[in-house]
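Subject: Structure for your attention

Dear colleague,

Please find below the structure that I am handing over to you.

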Amino acid sequence: MSACCTPGRPCTGAPTAVLPLPAVRRPATTTVDASRMAELPGGTFTMGDAFGEGYLADREGPAREVTVAPFAIDTTAVTNAAWAAFADATGYRTDAERYGSSYVFHLLLHPEAAGRHVLGRVPGAPWWLGVTGASWAAPEGPGSDVADRADHPVVHISYDDALAYCDWTGTRLPTEAEWEYAARGGLDGARYPWGDDFTPGGREMCNTWLGRFPHRSDRPGGRTGTVPVTAYEPNGYGLHNTSGNVWEWCADAFGPGERVIRGGSYLCHTSYCNRYRVAARSHNTPDSSTGHGGFRRARDLAPHSTTEDTREEGATA
């Protein structure tokens, strides 16, 4: 695993004891919020790195033709508002909450979390801090909250957490092939969801690192971190932020004991992590969580039920 991108459990230092995982109480009738899902017809597309820009260990290539069946996928990553509704309804506790810690980018650490809440730095990637009390509801550690980030992607979500949410909503995680097919937005073989130029006409198209990584952000006020799930223009299929913002879990195994993540995050930068390309992939263990890791859902479609409509995110996105 490339710790610079996705540090995995155990956090540096001695984690707290893992608390029992409560059973998820599903609604009597599970309904999928289809208003925030794009229904895609499926088909054959070129999957993988067509430019020779990938990391050998990530096994992006060779570029090859892959066929996917019709499916639906969220137009955005799951938000804090949606996750809060799930947690309130079910009492579910994430892996970060059960373990008592998660990983926080050093420039985002809340002042109240400094000192005794910091378990240590990740060897080889000291910008990642193991922080006790960091979770989806306190993304930067104790003292932080998501009160003004209802429309931001929920983070500090493990693969197992994502599966629990999908089960509750009657959906599933997208396969890696589905994710890439949808992320490309119909631009077969392109480098990014919008084409081959990272900043066409000088326009910023996604939320990645701007500045001298990992010490200085050149955004106004030194801002870094997540942005709202619809902050940038959607791709040709109506999906937002399939490059940058947060890494997203896929259903596939990467190797023994690890699962695939796609899309890159707000920390990706050409100097060390060129993984915001559509073909890029990385991986982490199913119980790991970070301040830049989230997910979006998918579901099966019958061949006759597909449409080319895309829909705006609903109130519970």
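In what follows, Ala, Val, Leu, Ile, Met, Phe, Trp, Tyr, Cys and Pro count as nonpolar, Asp, Glu, Lys and Arg as charged, and the others, Gly among them, as polar. Please note that this is a predicted model.

Cavities

Rolling a probe the size of a water molecule over the atoms shows where empty space is left. Across the whole structure, the search finds 5 cavities of 30 Å³ or more.

The largest cavity has a volume of about 70 Å³. Its lining consists of Thr-6, Ile-157, Trp-247, Trp-249, Ile-261, Asn-284, Ser-288, Ser-289, Thr-290 and Gly-293. By class, the lining of the largest cavity has 4 nonpolar and 6 polar residues, and no charged ones.

The second largest cavity holds about 60 Å³ of space. Among the residues that line the second largest cavity are Asp-49, Glu-53, Arg-184, Arg-191 and Arg-277. The lining of the second largest cavity divides into 5 nonpolar, 2 polar and 5 charged residues.

Helix packing

Helix α1 (residues 80-90) packs with helix α3 (residues 159-169) at an angle of about 75°, and their axes are 11 Å apart. Angles of 65 to 115 degrees count as roughly perpendicular, so α1 is roughly perpendicular to α3. On the α1 side, the contact is made by Ala-82, Trp-83, Ala-85, Phe-86, Ala-89 and Thr-90, which meet Asp-161, Ala-164, Tyr-165 and Trp-168 in α3. This contact of α1 with α3 has 8 nonpolar, 1 polar and 1 charged residues.

Yours sincerely,
A colleague

Key:
Residues numbered from 1 in each chain as written. Predicted model: local features only at pLDDT ≥ 70, side-chain atom pairs only at ≥ 80, totals over all residues. Heavy atoms only, no water. 1 Å grid on protein atoms, 1.4 Å probe; cavity = no way out; pocket = protein on both sides within 12 Å on 5 of 7 lines; lining within 4 Å. Points joined across faces, edges and corners; volume = space filled by probe spheres on them. Axes fitted to C-alpha atoms, helices over the stretch in contact; angles between N-to-C directions. Helix = DSSP H or I, 4+ residues; strand = E, 2+ residues; numbered from the N terminus. Parallel < 35°, antiparallel > 145°, perpendicular 65-115°, else oblique. Contact = heavy atoms within 4.5 Å.
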